[in-house]
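These are my notebook entries on one chain, taken in the order in which I looked things up.

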Amino acid sequence: MRKHILSVCTIFTLVMLMASCGAQRKSSAVGSSSLGNDGPSAREWRNGLKGKWVLNSVDREDIPAAYTIKNIFDEAPVDCFIGSVWTLPGGNNQGSIVFNASGTLCADGAVRNVVWSVYDIPNDNLHPQFQFKKIYSGEKARNVTTGYRLDLSYSDGQSLVMRMPIPLDNGTGNLVFNFSRVQD
């Protein structure tokens, strides 16, 4: 079972690697904040994501309880991300994730610099996705080929929900990330 989980995680990482770069769609329309083809454009999502967000919880959706997820984003266990603050400024799209969880595998106070954007392909019947790449000291974003994507599900300006697809034996489940905006 352990080898199967590692294989699934490896396949997922490779898929994310292959899909880490993309173009943004230009739009000036103002839309709602729910999913659907009539939902917000990539530009609207990008503008709505700017700011600081705290990750309140990560829920499992259609993932069997017996299924183990060792870590996410090639970083740490899911629990280590709870309470992390995601700073997503505008401009050059360089932000950060600051970890605030303690535990044997957590790095309380650690900061991961990221470059983020909203990925969207017009007329593909998929919803915009939040994508980011971790940038370590001395690296340039254009040279980093590994990245991650989360489906943008919901935002009302104060709360944000993103889903990370997890490939399973019989279909796909999701890790559901629930954020709230940090007021400065």
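I call a residue buried under 20% relative accessible area, exposed over 50%, and partly exposed in between, using a 1.4 Å probe and protein chains only. The model is predicted: local features need pLDDT of at least 70, side-chain atom pairs count only at pLDDT 80 or more, and totals for chains, interfaces and linings use all residues. Residues are numbered from 1 along each chain as its sequence is written, and side-chain values use heavy atoms, leaving out hydrogens and water.

Entry 1, aromatic rings. I counted rings of Phe, Tyr and Trp (its six-membered ring) as a pair if their centres lie within 6.5 Å, with planes under 30 degrees apart called stacked, over 60 edge-to-face and the rest tilted. I found 12 aromatic pairs in the structure. Phe73 and Tyr148 make an edge-to-face pair, with 5.4 Å between centres and 75° between planes. Phe73 is in the loop between strand 1 (51–61) and helix 3 (78–81) and Tyr148 is in strand 6 (residues 148–155), so this pair ties together parts 75 residues apart in sequence. Both Phe73 and Tyr148 are buried.

I next looked up Trp86 and Phe130, whose ring centres are 6.3 Å apart with planes at 55°, so the pair is tilted. Trp86 belongs to strand 2 (residues 85–88) and Phe130 to strand 5 (residues 129–135), 44 residues apart. Trp86 is buried at 2% relative accessibility, and Phe130 is buried at 0%. One aromatic cluster includes Phe73, Trp86, Phe130 and Tyr148, and among its other members are Phe132 and Phe177.

My criterion was NZ of Lys or CZ of Arg within 6 Å of the ring centre and within 35 degrees of the ring normal. Arg149 places its charged end over the ring of Tyr119, 3.4 Å from the centre. Arg46 lies over the face of Trp116, 5.7 Å from the ring centre.

Strands pair here if DSSP finds at least two bridges between them. I traced a closed barrel of eight strands in the order 1-2-3-4-5-6-7-8, paired antiparallel. From one strand to the next the twist averages 35°, with axes as lines fitted to C-alpha atoms (for helices over the stretch in contact) and angles from 0 to 180 degrees between N-to-C directions. Strand 7 (residues 159–168) pairs with strand 8 over 10 bridges in the antiparallel sense. Met164 stands opposite Leu175 of strand 8.

With contact meaning heavy atoms within 4.5 Å, Gly48 touches Trp53 and Arg181, not counting residues up to four places away in sequence.

I defined a nonpolar core as buried Ala, Val, Leu, Ile, Met, Phe, Trp, Tyr and Cys residues joined through side-chain atoms within 4.5 Å. The largest has 38 residues, and Ile72, Phe73, Trp86, Phe130, Phe132, Leu175 and Phe177 touch the most other members. Strand 7 gives the most to this core, with five residues.

Note on methods:
Helix = DSSP H or I, 4+ residues; strand = E, 2+ residues; numbered from the N terminus.
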